[in-house]
Amino acid sequence: MKSLVVYASTSGNTRTIAEAIAQALRQRGEVELIAVDQAPASLPAADLVFFGAPTEGHTMSRPMAGFLKRLAPESVRGTTMATFDTRLRWPKVLSGSAAADIAKRLQSAGARMAAPPESFLVTKKPELEPGEAARAAAWASGIAVAVEGRAPAGIQG
């Protein structure tokens, strides 16, 4: 299985989560890890694509929003994707969710979501809470197994 992990990171926490996801996916095949400032407007073909960004101002960070605006819709259409974010441990109504906003944009472009958007939590320092990188790896592995088996891991878009 070929996977792609595209991420934006402000303080390094989302990058750490993206790296944990990529490492877990390497057990299942080829993985490309790309920061949004290096990502092409037309994504390379992949069986599974993960997008992640920090939640800032109740939504995704500016670099991810800018990337999604220039992303070629034909490189998303019909592709199986999952989204994640990093955010404070607040109720989503207070913090917002970059992952949910990214998922909405990708679904509008024709992507199929392999799982509900997922948040990985940070402290106010900001640092990842203990165990979040391991939780991200397990989450990604579960999605990859489901996609390989063609069984839904959550919702379909």
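Exposed, in these notes, means over 50% relative accessible area, buried means under 20%, and partly exposed lies in between. The model I am working from is predicted.

**Entry 1: R89 and E129**

I looked up R89 and found a relative accessible area of 56%, so R89 is exposed by that cut-off. Its partner in a salt bridge is E129, with the closest N and O atoms 2.5 Å apart. I then placed the two ends: R89 is in the loop between β5 and α3 (92-95), and E129 is in the loop between β7 (118-122) and α5 (132-148). The pair is 40 residues apart and links distant parts of the chain. E129 has 15% relative accessibility and therefore counts as buried.

**Entry 2: the other salt bridges**

I searched the whole structure for salt bridges and got five.

One of them joins E19 to R15, with 3.8 Å between the closest N and O atoms. Both residues belong to helix α1, four residues apart, or about one turn of the helix.

Another joins R135 to E132, where the closest N and O atoms are 2.8 Å apart. This pair sits in helix α5, three residues apart, again about one turn of the helix. R135 is partly exposed at 31% relative accessibility, while E132 is buried at 7%. I noted that E118 joins E132 and R135 in a network of salt bridges.

**Entry 3: D101**

Which side chain of opposite charge is nearest to D101? I found K104, at 4.2 Å. The cut-off for a salt bridge is 4 Å between a side-chain nitrogen of Lys or Arg and a carboxyl oxygen of Asp or Glu. D101 has no salt bridge, yet is buried. I located D101 in helix α4 (residues 98-108). With neighbours within four places in sequence left aside, the contacts of D101 are H58, T59 and M60.

Most residues other than glycine have a negative phi, and most peptide bonds are trans. The phi of H58 is positive, near 75°. H58 lies in the loop between β3 and β4 (59-60). At 46% relative accessibility, H58 is partly exposed.

Where is P126? I found P126 in the loop between β7 and α5, the loop that also holds E129. The peptide bond from K125 to P126 is cis, and its omega is near -5°.

**Entry 4: the largest pocket**

I took the volume of the largest pocket, which is about 260 Å³. How many residues line the largest pocket? I counted 20, with P54, T55, T86, R87 and V122 lying nearest the centre. I then asked which elements contribute. α1 (13-25), β3 (48-56) and β5 (80-88) each supply at least two residues of the lining. Sorted by class, the lining has 12 polar, five nonpolar and three charged residues.

How values were computed
Residues numbered from 1 in each chain as written. Predicted model: local features only at pLDDT ≥ 70, side-chain atom pairs only at ≥ 80, totals over all residues. Heavy atoms only, no water. 1 Å grid on protein atoms, 1.4 Å probe; cavity = no way out; pocket = protein on both sides within 12 Å on 5 of 7 lines; lining within 4 Å. Points joined across faces, edges and corners; volume = space filled by probe spheres on them. Nonpolar A, V, L, I, M, F, W, Y, C, P; charged D, E, K, R; others polar. Buried < 20%, exposed > 50% of the residue type's maximum accessible area, 1.4 Å probe, protein only. Lys, Arg positive; Asp, Glu negative; His and termini not counted. Contact = heavy atoms within 4.5 Å.
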